[in-house]
Amino acid sequence: MEQDIDGKATDFALAWSIGLGAPFTFMTTLEREYKSDIFGERAILLGGVHGIVEFLFRHYQAAGMTPEEAFVHSTESVTDPILRTISCSGIKGLCESLPEKDKAVFRRAYGAAYAPSYEIHYENYSEVASGNEIRSVILSDERMKKIPMGKIDGTTKWKVGEKVRAARVAGKGDAAIPLDPFTAGVYAASMMAQIDLLAERGHAYSEIVNESVIEAVDSLNPFMHYKGVAFMVDNCSITARLGARKWAPRYDYLLTQQAEPLWAGGKGESEAVWTRFLDHPVHEALAAAASMRPSVDIAVRGLVSSAARDAFQEFGHREPAGRTAADRRSSTRFVQPTDVLPSNSIFGARSAKPTNAAGKAVISLAPEEAAAAFDVRLGETGKGGIAGRADGTIVDADSESFTHPRGEGWQRPCSHPWWHRSASCSRRRR
């Protein structure tokens with residue numbers, strides 16, 4: 001709340017939040033939100049994670065890995081098992097999930113990466129709070145009329161990533177992606193350093209968790225798993241795209257110049273840093289957020305018919321006017337899950353399809369439309385999509401009958417290999 005002239009501002013804000021279907025609502029002010037948001041996208045959400053995976057890729061190649069192995073350990077490890085574990089179990093749970101020998105690697109990597117991560121976060125936040133970052137975005141307007149933003153996925157690393165993703169799509173990838181303890185330690189250190197800085201600057205933990213963890217693991221970083229770093233960054237606002245390009249090299253540089261020498265010298269252990277990590281209050285805040293986590297996560301993508309777009313609109317997505325088939329092929333769209341769709345809803349009337357005894361509307365699509373419309377993976381199937389029947393059972397995406405995704409058949413176990421938090425993505429499409 002920035003102003004509350006009649007004592008009702010909080011009630012109005014909460015009403016809007018509930019009406020929009022947001023699973024999380026936190027108190028903030030316009031000033032604090034502006035600072036944490038502009039800073040966050042330059043840090044762990046976009047720019048920071050880009051710099052981290054660039055650093056890690058070179059680290060693993062220097063250790064003797066092939067380019068493909070280095071990409072898997074540096075990038076795929078972040079965007080699949082690390083994100084999934086943090087989303088379900090928190091940052092502390094990420095460490096606790098490791099075998100004992102890997103916990104020692106995590107601890108030393110965390111200690112080596114924390115200080116340089118905090119340093120660059122501090123510089124980043126100060127530039128945002130002073131107004132310098134927004135000033136640079138405004139100044140870029142004239143420059144970009146002559147010099148457009150360049151590509152950020154044309155290097156060897158990201159070309160290797162295209163091959164790795166192709167192998168994953170072919171059914172060879174997700175189950176084999178390791179949770180690398182060094183990668184996990186570096187990523188967690190940067191995330192925790194960001195959390196510490198925001199707490200020191202007076203931000204509430206609910207806001208900190210959203211801007212440092214939830215949006216990273218459940219909203220933005222998964223885009224990189226799907227189609228690479230450019231797909232993650234360049235689906236965001238111009239402000240975010242400029243900031244990510246500006247700050248990613250700084251994160252990469254400080255990790256290379258400060259964290260890598262510590263690790264190479266057998267150092268990195270810090271009892272004080274590790275004790276703060278174990279006892280950090282953010283773990284309790286993350287547990288509270290996890291208790292309110294939606295039970296369903298659905299990613300929608302592909303070229304679809306007007307009937308399927310009707311379904312998207314009912315789920316909360318509004319197709320922009322003038323959107324072409326090519327646009328739809330290259331985009332990922334998200335829907336908002338709730339519990340059960342009433343049988344008399346707009347969706348039921350529009351599709352003219354029956355409902356089951358539980359009141360769930362059923363949509364029937366041709367198999368090719370179904371495969372294009374839904375990309376929901378549960379368990380270890382790794383297939384293009386699966387859906388719930390009207391009776392609540394799970395079927396492959398080439399089935400004609402689909403339970404509406406708001407129905408009870410769409411419960412997602414935390415063990416599945418790939419997901420998006422649809423609520424976060426639909427709330428903020430940066």
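These are my notebook entries on a predicted model, going from the overall make-up to single residues.

**Ground rules**

I am working with a predicted model, so local features need pLDDT of at least 70 and side-chain atom pairs count only at pLDDT 80 or more, while totals for chains, interfaces and linings use all residues. Residues are numbered from 1 along each chain as its sequence is written, and side-chain values use heavy atoms, with hydrogens and water left out.

**Overall make-up**

I started with the secondary structure and got 18 helices and 6 strands. Helices here are DSSP runs of H or I with at least four residues, strands are runs of E with at least two, and numbering goes from the N terminus.

Next I looked up burial: of the 430 residues in the protein, 54% are buried. My cut-offs are under 20% relative accessible area for buried, over 50% for exposed, and partly exposed in between, with a 1.4 Å probe and protein chains only.

The protein exposes about 18300 Å², and carbon and sulfur atoms supply 56% of that. The areas are Shrake-Rupley values with a 1.4 Å probe; for residues, only the protein chains shown count as cover.

Residues 24 or more positions apart account for 78% of them.

**The core**

Which residues have the most contacts inside the largest nonpolar core? I get I91, F106, Y110, Y187 and M191, in a core of 80 residues. Helix 8, residues 181–200, gives the most to this core, with 12 residues. By nonpolar core I mean buried Ala, Val, Leu, Ile, Met, Phe, Trp, Tyr and Cys residues joined through side-chain atoms within 4.5 Å. In soluble globular proteins, nonpolar side chains tend to be buried together.

I then took M191 by itself and skipped its neighbours within four places in sequence. What remains in contact with M191 is I44, I86, I91, S212, V213, A216 and V217.

F12, W16 and L20 turned up as a nonpolar patch on the surface, with about 430 Å² of accessible area together. Patches need residues with over 30% relative accessible area and no salt bridge; nonpolar side chains (Val, Leu, Ile, Met, Phe, Trp, Tyr) are joined within 5 Å, like charges within 9 Å.

W16 sits in helix 1, residues 9–20, and counts as exposed because its relative accessibility is 64%. A13 is in helix 1 too, but at 35% relative accessibility A13 is partly exposed. I also checked A13 against M1: they are 12 residues apart in sequence, and their C-alpha atoms are 8.3 Å apart.

**Two glycines**

G93 lies in helix 4, residues 67–96, and is buried at 11% relative accessible area. From G93 to H283 I get 8.9 Å, C-alpha to C-alpha, across 190 residues of sequence.

G131 is in the loop between helix 5 (100–129) and helix 6 (132–146). Is G131 buried or exposed? Its relative accessible area is 19%, so G131 goes down as buried. K35 is 96 residues from G131 in sequence, with 9.4 Å between the C-alpha atoms.

**Cysteines**

I looked for disulfides (cysteine sulfur atoms within 2.5 Å) and found 0. Two cysteines I looked at are buried: C95 at 7% relative accessible area and C236 at 10%.

**Salt bridges**

With a side-chain nitrogen of Lys or Arg within 4 Å of a carboxyl oxygen of Asp or Glu as the criterion, I get 17 salt bridges.

In the R42 and E133 pair, the closest N and O atoms are 2.5 Å apart. R42 is in helix 2 (residues 30–42) and E133 in helix 6, so the pair ties together parts that are 91 residues apart in sequence. Both ends are buried, R42 at 0% and E133 at 1%.

E100 and K103 are another pair, at 3.1 Å between the closest N and O atoms. Both lie in helix 5, 3 residues apart, about one turn of the helix. E100 is exposed at 61% relative accessibility, whereas K103 is partly exposed at 22%.

K151 and D153 also pair up, with the closest N and O atoms 3.0 Å apart. K151 is exposed at 67%, and D153 is buried at 17%.

Last entry: salt bridges that share partners join E41, R42, E133 and K246 into one network.

Methods: Contact = heavy atoms within 4.5 Å.
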